[in-house]
Amino acid sequence: MNDLALLLTPEGRALLDEVRDTEPARELAVATRLRRDHPAELVSAALGQARLRQRAVAKFGPEDAGRMFFTPNGVEQSTRASVAAYRAGRLKELGVARVADLCCGIGGDAIALARAGIRVLAVDRDPLTAAVARANAEALGLAGLIEVREADVTEVDTAGYDAVFVDPARRGGPSRGAARGASVRGGGRATGGRVFDPEAYSPPLSWAIGTALQAPRAALKIAPGIPHEVVPAAAEAEWISDGGDVKEAVLWFGTGAPGAVRATLLPGPRTLLGRGLPDPGVRPVGRYLYEPDGAVIRAHLVAEVAEEVGGGLLDPTIAYVTTDEARPTPYATGYEITDRLPFNVKKLKALLREREVGTLTVKKRGSAVEPEELRRKVRPQGPNAATVFLTRVAGAPTMLIGRPLG
Ligand SMILES: C[S@@+](CC[C@H](N)C(=O)[O-])C[C@H]1O[C@@H](n2cnc3c(N)ncnc32)[C@H](O)[C@@H]1O
């Protein structure tokens, strides 16, 4: 019996409940005690799974993560629930009732799609991963909406589905023969490095695009660093961030907006639509500085934000926007600039001492300085907080000191 099958027995489930909050430091003692009453293999499987569940909390929240099953690669590669729910909501709004989730992994997206009321065919070629996806559908009471199939997606007929969703493997995931001996224990980290070449995705992006073009609607999840030139003319491209961190890009097909570009910020969602504005001009440093959200920058929508706040760039190659007036926008974080200095650590140290700044946030664009090293050198001390931007102003290395707008 493999680890997952062991964990799905009544004894396995009970043991999983018992070890759920085990701290890493206590694992050995807990394992020794439990091995008196349970098979060693089951004890290791349960402790390993508990560790994976703890790692999955950040993506799925404590309640779902505490009921779901994971593999190390599965946790790493799955979509976080907030992003999956947003995308599923968009597909639902587009009238999708049946979707083929091609490359379902442990089911992160399939779960969100089913929760949006969409019937899902969830396909993964890795036997253990498919089994975990099936266990997750059952654990969350969604088995009636999710059919899991162990197959190569390139051999699946998607005719009859309203939409396809593809989330290709971008890191060294489980390979075809790796299923035997594969594990649901949390000991190892996901193997392999990130794959940046979209043709090295599994399946390749060109296959996913070809499949998307044949479906009534489609969404392809891709790495946010994807070059804009790779986006097909028929697709709408959306960059998504959550809590200020860029999570992914999505190529949408069949939304009626080919060529559109948008940046969506979660929670919210707040969506900024591209209007094809030319690059914003450079202007002198004003009283305020706006740092656009990462999704806005990746989507190349800094000009749209600059227009919204009535500002210009500090430097033609750097995505900091400066203005004379404070205008709130959800798409950028605003700061009031109190000081401007040429880059000089001694001067910064003296200024921070004079202002009694003990909490220094270092932000940088267009500077090679390491924030930690700078903080070590200036040794901030005192009750006040400040932010320093290490950047270039009209080509010159510059430090702008400020504080976030309320
Ligand atoms: C990025 S993960 C999917 C994560 C999933 N969306 C989630 O949120 O949990 C990609 C998955 O694609 C699977 N995969 C890669 N190539 C495949 C192929 N040709 N056919 C079926 N599955 C494949 C891998 O086994 C892996 O589980």
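Predicted model: local features only at pLDDT ≥ 70, side-chain atom pairs only at ≥ 80, totals over all residues.

Trainee: How far is the sulfur of Cys 103 from the closest cysteine sulfur?

Mentor: A disulfide calls for two cysteine sulfur atoms within 2.5 Å. The closest cysteine sulfur to that of Cys 103 belongs to Cys 104 and is 8.1 Å away, which is too far for a bond. Cys 104 is buried as well, with a relative accessible area of 5%, and the count of disulfides by this rule comes to zero.

Trainee: Where is Thr 211 found, and is Thr 211 buried or exposed?

Mentor: Thr 211 is found in helix H9, which covers residues 205-214, and with a relative accessible area of 12% this threonine is buried. Once the neighbours within four places in sequence are left aside, Thr 211 is in contact with Leu 102 and Val 164.

Trainee: Turning to strands, how many of the ten residues of strand S15 are buried?

Mentor: Seven of the ten residues of S15 (residues 384-393) are buried, so this strand is largely enclosed by the rest of the structure.

Trainee: Which way do S15 and strand S16 run?

Mentor: S15 and S16 (residues 396-404) run antiparallel and are joined by seven bridges, with Val 388 standing opposite Ile 401 in S16. The hairpin of S15 and S16 has two residues between the strands, and Ala 394 in this hairpin takes a positive phi near 45°.

Trainee: How many aromatic pairs does a search of the whole structure find?

Mentor: The search finds three aromatic pairs. Phe 60 lies in helix H4 (residues 40-65), whereas Phe 70 lies in the loop between H4 and helix H5 (72-77), so the pair ties together parts that are ten residues apart in sequence. Both residues count as buried, Phe 60 at 10% relative accessibility and Phe 70 at 0%.

Trainee: At what angle do the ring planes of Tyr 320 and Phe 389 stand?

Mentor: Their planes are at 85°, with the ring centres 5.3 Å apart, so this pair is edge-to-face. The pair links distant parts of the chain, since Tyr 320 is in strand S12 (residues 318-323) and Phe 389 is in strand S15, 69 residues apart. Tyr 320 counts as buried at 0% relative accessibility, and Phe 389 likewise counts as buried at 0%. Ring pairs also link Tyr 320, Tyr 335 and Phe 389 into a cluster.

Trainee: Which charged residue sits over the ring of Tyr 320?

Mentor: The charged end of Arg 365 sits over that ring, 5.8 Å from the centre. Elsewhere, Arg 98 lies over the face of Tyr 161, at 4.4 Å from the ring centre.

Definitions and conventions. Residues numbered from 1 in each chain as written. Heavy atoms only, no water. Helix = DSSP H or I, 4+ residues; strand = E, 2+ residues; numbered from the N terminus. Buried < 20%, exposed > 50% of the residue type's maximum accessible area, 1.4 Å probe, protein only. Contact = heavy atoms within 4.5 Å. Pairing = 2+ DSSP bridges. Phe/Tyr/Trp six-rings, centres within 6.5 Å; stacked < 30°, edge-to-face > 60°. Lys NZ or Arg CZ within 6 Å of the ring centre and 35° of its normal.
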